[in-house]
Amino acid sequence: SPRAAWSSRYNGKYLYADFVSSTIFRLDENNGDGDGGGCRTCCPVVSNYTAVPLMEYPDAPEADIAVMKFHNDQLYVLSRAWGGRLHTLRYVGTDTNRAPQAKIISNVTTTTTTTPGAYIQLDASESVDPDDGDNLKYEWDFDDDGIVDSREVAPVIQLPEEVGLHTIRLKVRDGKGGRTSTSIDIGIGTPPHAEIVVPEEGHLFQVGESFVLTGKTSDDTLDPDVDFSWEVNHSTHYHPYLEATVGNEIVLQESPSPEDFLASTNSYLEVILTVTNSNTGLSSVLRRNIMPQTITVTVDS
């Protein structure tokens, strides 16, 4: 971390992001004399270091944090989710006012069917401020024109008649100069319907098996206005087995071998298909878990 802009307790420290827990950690020696009491020959191994949470994203989806990089005394964190948003962390000390965290709650998303002109309720009540006692103020922009349309905490609005994505923005102020903004996209209209053809429901994979990820729209022909994107995750512990790949009939090479004794029960593949209408921006997401094919082994001894 940069020495000039951050507290001395960060000097020479190693920061890392755990993309499963969506948390950034700082590694601290168990004591400061260079001998943390670790033991490499012990079973299990005892570490010289303790992971101290630096920043948590409690509402973040899995695998949110992807890349971290320092630049101009600030830590930039690139997220996998939310359209690849870039977050900025800066050290503000202990006597500096800290900015609030804005949050929008809505039951309408880009993957839900919403009637044009319908009324929906928005909610900013879960926006928080790390400084106790700050009185938060809310500024809503319903039509993305930069003009404040409401200062209520939970306003009811009428959506436009136009089908497609509609951006709603929220700015939260703490009255002491701190402010932060966030936004959501609302889908107006009906998202495209799609199905996962391969792998089939109930398919059991074998180690090393390859198959072609195939989807279709509501009829038997591919809609030229619909884009397909595939992801495959492995097992109950998250790591991408196939990164987001655009297209249809994508070859998935070599299904995984078991990693431990519980693999017969938890070493599944999660196949995720996202279909997006290129004209409206509306999308649907389908998920299917593919379990391994198992056999019974009897051992006589």
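1. Sheet 12-14-17. In this predicted model, three strands make up an open sheet, and their order is 12-14-17. The pairing in this sheet is antiparallel. Strand 12 (194-198) and strand 17 (250-252) are the edge strands, as each of them pairs on one side only. From one strand to the next, the twist averages 30°.

2. Pairing of strands 14 and 17. Strand 14 covers residues 211-217 and runs antiparallel to strand 17. How many bridges join strand 14 to strand 17? There are three. As for residues that face each other across the two strands, V212 stands opposite V251, which lies in strand 17.

3. I295 is found in the segment that comes after strand 19 (283-292). Is I295 buried or exposed? The relative accessible area of I295 is 71%, and exposed means over 50%, so I295 counts as exposed. A residue needs over 30% relative accessible area to be part of a patch, and the 71% of I295 is given above.

4. Confidence. For the chain, the mean pLDDT is 80. Residues that reach 70 or more make up 77% of the chain. Where is confidence lowest, and where is it highest? Strand 4 (residues 65-71) has the lowest confidence in the chain, with a mean of 59. Strand 8 (residues 137-141) has the highest, at 97.

Definitions and conventions
Residues numbered from 1 in each chain as written. Predicted model: local features only at pLDDT ≥ 70, side-chain atom pairs only at ≥ 80, totals over all residues. Heavy atoms only, no water. Helix = DSSP H or I, 4+ residues; strand = E, 2+ residues; numbered from the N terminus. Buried < 20%, exposed > 50% of the residue type's maximum accessible area, 1.4 Å probe, protein only. Pairing = 2+ DSSP bridges. Axes fitted to C-alpha atoms, helices over the stretch in contact; angles between N-to-C directions. pLDDT = per-residue confidence, 0-100.
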